[in-house]
Amino acid sequence: MERTVLKSPERTLPKSPPKDLTLRYAKEEGRDIGPKPRTPKPVTKENTKPVDVKLHTQQRAAKRAIFNYTVATKLFLTEQQKKQEEKLRKMLEEEEVRMLRKEMIPRAQLMPLFDRPFLPQRSSRPLTVPREPGLGLTNSKSWTCAVPYNHLGIHGCYAFKAIK
């Protein structure tokens with residue numbers, strides 16, 4: 001629904017007197033209300049031209065591109081080095097396996113030289129004296145000992161006798 005606004009006669013403003021009358025009354029009163037001298041129009045400014053703003057985004061993008069390139073080359077070189085080390089390690093392992101296989105071939109032992117027969121010599125160490133363990137003895141005297149054998153799992157001491 002549209003509303004139409006009607007102006008009521010009460011709201012209209014009275015008309016202003018004509019200009020020539022106001023000029024005449026003003027002159028009689030000593031006021032000068034004549035037409036004002038024209039002031040020159042303000043000089044219109046030229047349209048502003050946009051200034052080429054130099055942002056750092058171009059420089060940062062270039063630096064970032066250089067950085068990305070250096071990182072990529074570094075990664076590429078490390079991968080190449082790893083591949084080369086792996087290749088060298090595989091070659092060494094294959095050579096080692098080849099040598100082991102060559103050594104593992106069963107061969108007959110060489111014939112001994114009979115011109116110098118083997119003659120064993122007597123040792124200068126004294127013979128050991130064998131002793132009996134005496135496992136059957138379980139009296140109270142055999143259990144007292146200065147050196148315990150707990151770390152061996154043996155409880156107490158056993159008296160050992162020499163075998164004759």
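Mentor: Keep in mind that this is a predicted model. Helix 2 spans residues 57-103, and the structure holds three salt bridges.

Trainee: What makes glutamate 86 and arginine 89 a salt bridge?

Mentor: Their closest N and O atoms are 2.4 Å apart. The cut-off is 4 Å, between a side-chain nitrogen of Lys or Arg and a carboxyl oxygen of Asp or Glu. The distance is within the cut-off, so the pair counts. Both residues lie in helix 2, three residues apart, about one turn of the helix.

Trainee: How do you know that glutamate 93 and arginine 89 pair?

Mentor: By the 4 Å cut-off again. Their N to O distance is 2.8 Å, and therefore they form a salt bridge. Glutamate 93 and arginine 89 are four residues apart in helix 2.

Trainee: Why is arginine 89 called partly exposed?

Mentor: Its relative accessible area is 39%. Buried means under 20% and exposed over 50%. Arginine 89 falls in between, so the label is partly exposed.

Trainee: Which residue pairs with arginine 98?

Mentor: Glutamate 95, at 2.5 Å, N to O. Arginine 98 has a relative accessible area of 48%, under the 50% limit, so it is partly exposed.

Trainee: Why is phenylalanine 67 called partly exposed?

Mentor: Its relative accessibility is 44%, between the 20% and 50% limits, so the label holds. Phe67, Val71 and Leu75 form a nonpolar surface patch, with about 270 Å² of accessible area together.

Terms used: Residues are numbered from 1 along each chain as its sequence is written. This is a predicted model: local features need pLDDT of at least 70, side-chain atom pairs count only at pLDDT 80 or more; totals for chains, interfaces and linings use all residues. Side-chain values use heavy atoms; hydrogens and water are left out. Patches are made of residues with over 30% relative accessible area and no salt bridge: like charges are joined within 9 Å, nonpolar side chains (Val, Leu, Ile, Met, Phe, Trp, Tyr) within 5 Å. Accessible areas come from the Shrake-Rupley method with a 1.4 Å probe; for residues, only the protein chains shown count as cover. Helices (H or I, at least four residues) and strands (E, at least two) are DSSP runs, numbered from the N terminus. Buried means under 20% relative accessible area, exposed over 50%, partly exposed in between (1.4 Å probe, protein chains only).
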